Amino acid sequence: MADQNAAKPIKITETVLRDAHQSLIATRMTTEQMLPIIDKMDQVGYHSVECWGGATFDASLRFLHEDPWERLRKLKDGFKKTKLQMLFRGQNILGYRPYADDVVEYFVQKSIANGIDIIRIFDCLNDLRNLQTAVKAANKEKGHAQVALSYTLGDAYTLDYWKETAKRIEDMGADSICIKDMAGLLVPYKATELVEALKEGSSLPIQLHTHYTSGVASMTYLKAVEAGCDVIDTAMSPFALGTSQPATEVMVETFKDTPYDTGFDQNLLAEIADYFRPLREEAIASGLLNPKVLGVDIKTLMYQVPGGMLSNMVSQLKEMKAEDRYYDVLEEIPRVRKDFGECPLVTPSSQIVGTQAVLNVITGERYKTTTKETKDVLAGKYGQTVKPFNTEVQKKVIGDTEPLTCRPADLLEPELDKIEAEMAQYKEQDEDVLTYALFPQVATEFFKYREAQKTKVDTSVADVENKVYPV
Ligand code: CO
């Protein structure tokens with residue numbers, strides 16, 4: 001039995017540069033907005049700063065015309081002592097479909113080479129076979145491989161299931177385990193049980209990641225930490241709460257003068273919050289931050305649907321002029337999820353289940369119309385679910401096609417050479433190949449933009465050279 005009074009400072013991963021702005025302002029924080037504060041953030045003593053991966057890669061290319069690799073290098077330059085962390089979608093990397101192993105390996109290698117220390121790897125179906133390649137690659141590059149369990153509810157997800165899974169994760173060679181509660185479904189007393197189960201199943205450090213969506217998150221952290229959780233994910237207060245994480249300053253204060261005391265300087269945190277507050281105000285004024293996402297959404301507990309998925313669904317229904325079917329779709333989502341082997345709802349399974357639920361409701365006949373992704377899931381191309389698929393639905397969707405039972409990537413031919421040949425004309429750095437591999441269209445547009453910018457800069461330099469400087 002551990003000494004109850006022995007100091008065991010809780011470690012903190014700061015999410016303001018990744019999940020917090022992804023969850024609250026559609027991932028629109030720019031590198032320029034980040035850089036002025038990272039020197040101060042580097043002094044806090046965070047376990048790590050999550051600043052890359054997830055939707056940031058796609059969003060910076062698509063909306064901000066920024067090279068995500070360049071952002072990573074700039075952050076690495078600024079954070080001299082704090083570890084940088086990213087979120088990685090297993091075999092789907094940062095995209096929406098499974099990639100061949102050579103792309104996964106190369107992406108991990110380049111992420112670490114450009115500055116990532118900790119890679120949090122998850123699979124949208126919790127099929128651990130989809131994490132093997134990324135974990136091995138991180139081990140090889142001497143990065144920290146954290147395997148994240150996509151937390152979800154259902155008959156299959158017993159404490160024994162989680163405990164057994166923790167054991168398998170440790171056997172895989174992971175360095176730590178994260179409970180990834182993307183929808184804010186983990187309630188405080190269940191967190192106690194879950195952390196204890198994971199601790200029984202493995203000796204790895206346990207990190208907890210949740211969202212405030214359902215209003216219980218900080219209580220959940222408290223119970224998890226008391227149960228032995230080692231690291232929690234928080235966001236600086238201007239970008240905390242709502243669909244984001246609990247506030248860093250609040251959790252720090254909560255554990256002050258207890259064995260879990262972080263030792264962080266509240267004055268320093270206040271200075272950092274002062275920096276981010278105007279960015280929040282700006283986002284509210286421009287409409288980027290919708291006050292709606294800051295409240296408690298209890299529907300997330302009732303329907304077990306992540307907040308981001310709800311807003312996606314609303315915009316899909318709006319496009320189809322079918323907003324009045326909101327509650328029908330909300331009820332259809334758990335049914336589709338059941339047909340899909342009770343999978344977790346996290347990118348990309350959340351999008352696939354959400355879109356299919358919308359189609360099932362709008363067409364008036366379930367699975368009359370299906371997306372390619374629905375077919376692929378039911379054909380086993382995304383991997384295995386904890387429970388079997390609904391065989392009737394499976395038959396209706398894929399007919400007599402024999403579903404895969406092997407690790408899906410075993411059937412994917414190496415892709416890198418082909419991709420590189422396809423985009424060679426745009427390549428300025430090795431990393432461009434990966435950017436293109438993930439988002440061919442968006443990347444091409446970005447490469448063209450980058451090229452155009454260069455000629456712009458060149459002319460302006462030429463202009464300046466031809467002019468007499470005003471003194
Ligand atoms: Co999250």
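Biologist: In this predicted model, is Val296 buried or exposed?
Modeller: The relative accessible area of Val296 is 59%. The cut-off for exposed is over 50%. Val296 is therefore exposed.

Biologist: Which residues form a nonpolar patch on the surface, with about 320 Å² of accessible area together?
Modeller: One of them is Val296, placed in the loop between H12 and helix H13 (299-303). Together the patch residues have about 320 Å² of accessible area. They are Val296, Ile298 and Met302.

Biologist: Which residues are the protein donors of the cobalt ion?
Modeller: Their spacing in sequence reads D-x189-H-x1-H. The donors lie 2.1 Å from the ion. They are Asp19 (OD), His209 (NE2) and His211 (NE2).

Biologist: How many residues apart in sequence are the parts that Asp19 and His211 tie together?
Modeller: Asp19 sits in helix H1 (residues 19-24). His211 is in the loop between strand E7 (206-210) and helix H10 (217-226). The pair therefore joins parts whose separation in sequence is 192 residues.

Biologist: Is His211 buried or exposed?
Modeller: Buried means under 20% relative accessible area. Asp19 has 4% and is buried. His211 has 6%, so His211 is also buried.

Technical notes: Residues numbered from 1 in each chain as written. Predicted model: local features only at pLDDT ≥ 70, side-chain atom pairs only at ≥ 80, totals over all residues. Heavy atoms only, no water. Donors = N, O, S within 2.8 Å, 3.2 Å for Na, K, Ca; no water. Helix = DSSP H or I, 4+ residues; strand = E, 2+ residues; numbered from the N terminus. Buried < 20%, exposed > 50% of the residue type's maximum accessible area, 1.4 Å probe, protein only. Patch = residues over 30% accessible without salt bridge, like charges linked within 9 Å, V, L, I, M, F, W, Y side chains within 5 Å. Areas by Shrake-Rupley, 256 points an atom, 1.4 Å probe, with all protein chains shown as cover. Salt bridge = Lys/Arg side-chain N within 4 Å of Asp/Glu carboxyl O.
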